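Open the model in your viewer and keep the selection tool handy. We will walk from one spot to the next, with a note on what to look for at each stop.

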Amino acid sequence: MKTIIGTYLIDAPFSALNNRGIDQRAANENEVATKVIQSPEGMRPYVSAQALRYWWRMVLENKFGWKCSPVEKIGKNQAVTKGDPLEYDDDDIFGYMSARKIETLEKDKKDKLKMENVTVTRVSPLKCSPLIGFPIRPTSDFGVLVRKLETDPILFTHQFYSNIFKGIFALDIDSVGKFTIIDKPGSKNLSKDLAEKYEKNGLKKDEKTYVLTLEKKKTRISDTIKALKFLNGGAMQTLHHTDVTPKLIMLAVLNNGNNIFMDVMPHNKYDNGLVNIDALSEMLEDYKDSLLSKVYIGKLSGFGSDKDKELDSFKAPDGVNVVITTPVKAIDQFIEEILTNTKIIGE
């Protein structure tokens, strides 16, 4: 198993990136609240993983020209994609669950047409966490709308914050461009018709597996990581315009599925530093035999507390090659290595 792992920080100095609608408990009946969770350290603003994946997918579609699957609404509360990971790039990387039943030509005892379950599902090769902020309480900003009104002003309130958000992600390299028809949830990726279509296109590898060309697989993997350089999105950009590209990022490839970076940014108290240098060193020492690539660390100059300046002179454990540069250069150099190292994606 080979996995790209990453962790990153997003600066949100005056932002309201993900909201939960009207706050029914607020004194003002017209108050929009941000999403928050309770943690042992206190209340933390967050951006849901669903919102983050929407930003990510839109960058891939608009910046990288991905053909993203149309979404079809079924019934009141269900929507499905095409479930065609050859045709649609995002169905491959982001996965899907297309639960459907279709009528057959056979009839049951009540003389009704029998239904056939044609559900297909695919576990997303791309996993990501929500973006979690430091424990702080958002500010409520009071506003009024008086423009061209001859009546009383309309009162409204919204919440925002100054925070730094942490996220982690993983991309399962072996699963990208590989589709199975194993009859169990997450592994029955293709309908019968699509399996026949893929076989005609020469994609059948064995009885239950179909694979894309290596070139296509490399493009989808590299585009997915490159998209982080152009990540954009979030609520209330009109009033709280925020650049959500990573200001600190760590990237590597492991021969397993563990994200060893998850706790190297403790994210509990800003003054203690954004990166726990000791934890980073320990994790790299403990897992150095699992690393398949260099470790790339990108940090924007001036970002973080005074303690984070220690990262600039970080000494990696023996046997671990660490590259420290800017976030964009870290992403670019990481991509260059995984595309040229045949042991990572293949040849």
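Start by selecting strand 16 (178-180) and strand 18 (residues 209-211), which pair in the antiparallel sense over 3 bridges. Strands here are DSSP runs of E with at least two residues, helices are runs of H or I with at least four, and both are numbered from the N terminus; two strands pair if DSSP finds at least two bridges between them. Show Thr180 and you will find Thr209 of strand 18 standing opposite.

Before moving on, a word on the model: it is predicted, so local features need pLDDT of at least 70 and side-chain atom pairs count only at pLDDT 80 or more, while totals for chains, interfaces and linings use all residues. Residues are numbered from 1 along each chain as its sequence is written, and side-chain values use heavy atoms, with hydrogens and water left out.

The 3 strands form an open, antiparallel sheet in the order 16-18-17. On average, neighbouring strands are turned by 30° against each other, direction ignored. Next, select helix 3 (residues 192-200), which packs on this sheet and touches strand 16, strand 17 and strand 18; contact means heavy atoms within 4.5 Å. The direction of helix 3 makes about 50° with that of strand 18.

For the next stop, select helix 4 (residues 214-226) and helix 6 (residues 327-340). Their axes are 10 Å apart and the packing angle is about 165°, with axes fitted to C-alpha atoms over the stretch in contact and angles running from 0 to 180 degrees between N-to-C directions. The two helices are therefore roughly antiparallel, a label for angles over 145 degrees. Show the side chains where they meet: Lys218, Ile221, Ser222, Ile225 and Lys226 from helix 4 against Ile331, Phe334, Ile335, Ile338 and Leu339 from helix 6.

Which strand does strand 4 (residues 36-39) join through 4 bridges? Select strand 5 (residues 42-47), its antiparallel partner. The two form a hairpin with 2 residues between them, and Val36 has Pro45 as its bridge partner in strand 5.

How values were computed
Parallel < 35°, antiparallel > 145°, perpendicular 65-115°, else oblique.
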